[in-house]
Amino acid sequence: MDKIVEIITTLNEDEKADFARFIEQTSAKGQVLVLKLNSLLSSGELKNKEELMFALDGKLKYDAYKALRKRLLASHQRFIALKLIDEDSS
């Protein structure tokens, strides 16, 4: 299974909503596409990367898709790290 899909499936509904708010708070370029890719991957309807690329912008751009996946993975990593820091009681 894909790393990003594994991360997304481990989040509960509250954490998914928190992640969406976390992405909206970061005002970097392309965050709308990050949220869209996240929702497409969490729905599980689209199976291969070609379908995902067409659902995102209607074109086959492998390099842009790979960069978007990297941004999504980095966003999830930052979100989880911040969540762990917030829950740390020390």
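Modeller: Lys83 counts as partly exposed because its relative accessibility is 23%; buried means under 20% relative accessible area, exposed over 50%, and partly exposed in between, with a 1.4 Å probe and protein chains only. This is a predicted model, in which local features need pLDDT of at least 70 and side-chain atom pairs pLDDT 80 or more, whereas totals for chains, interfaces and linings use all residues. Residues are numbered from 1 along each chain as its sequence is written, and side-chain values use heavy atoms, leaving out hydrogens and water.

The side chain of Lys83 meets that of Asp18 in a salt bridge, at 3.9 Å from N to O; the term requires a side-chain nitrogen of Lys or Arg within 4 Å of a carboxyl oxygen of Asp or Glu. Because Lys83 belongs to helix 5 and Asp18 to helix 2, the pair ties together parts that lie 65 residues apart in sequence. Helices are DSSP runs of H or I with at least four residues, numbered from the N terminus. Through shared partners, salt bridges join Lys83, Asp18 and Arg21 into one network.

An α-helix has 3.6 residues a turn, so residues three or four places apart point the same way. Arg21 is partly exposed, at 45% relative accessible area, and Asp18 is also classed as partly exposed, at 25%.

The search of the whole structure finds three salt bridges, one of which links Lys16 to Glu13, with the closest N and O atoms 3.9 Å apart. Lys16 is partly exposed, with 27% relative accessible area, while Glu13 is exposed, at 59%.

Helix 5 also carries Ser75, which is buried, since its relative accessibility is 1%. A polar atom of the Ser75 side chain lies 2.9 Å from the backbone oxygen of Arg71. Leaving aside residues up to four places away in sequence, Ser75 touches Phe19, Phe22, Ile23, Gln31 and Val34, contact being heavy atoms within 4.5 Å.

Helix 5 is packed against as well: the buried residues of helix 4 pack against it and against helix 3 (31-43). Those buried residues are Leu52, Met53 and Leu56. They lie on the same side of helix 4 because they cover an arc of only 100° around the axis, the arc being that of the directions from the helix axis to the C-beta atoms.

Gly58 follows helix 4 and has a positive phi, near 80°. Leu60 is placed in the loop between helix 4 (49-57) and helix 5 (62-87), and counts as partly exposed, at 43% relative accessibility. With Phe54 and Tyr62, Leu60 makes a nonpolar surface patch of about 300 Å². For such a patch, nonpolar side chains (Val, Leu, Ile, Met, Phe, Trp, Tyr) with over 30% relative accessible area and no salt bridge are joined within 5 Å; areas come from the Shrake-Rupley method with a 1.4 Å probe, and for residues only the protein chains shown count as cover.

Terms used: Patches are made of residues with over 30% relative accessible area and no salt bridge: like charges are joined within 9 Å, nonpolar side chains (Val, Leu, Ile, Met, Phe, Trp, Tyr) within 5 Å. Helices (H or I, at least four residues) and strands (E, at least two) are DSSP runs, numbered from the N terminus. A polar contact is a pair of N or O atoms within 3.5 Å; within protein, one must be able to donate a hydrogen and the other to accept it, and residues adjacent in sequence count only if both atoms are side-chain atoms.
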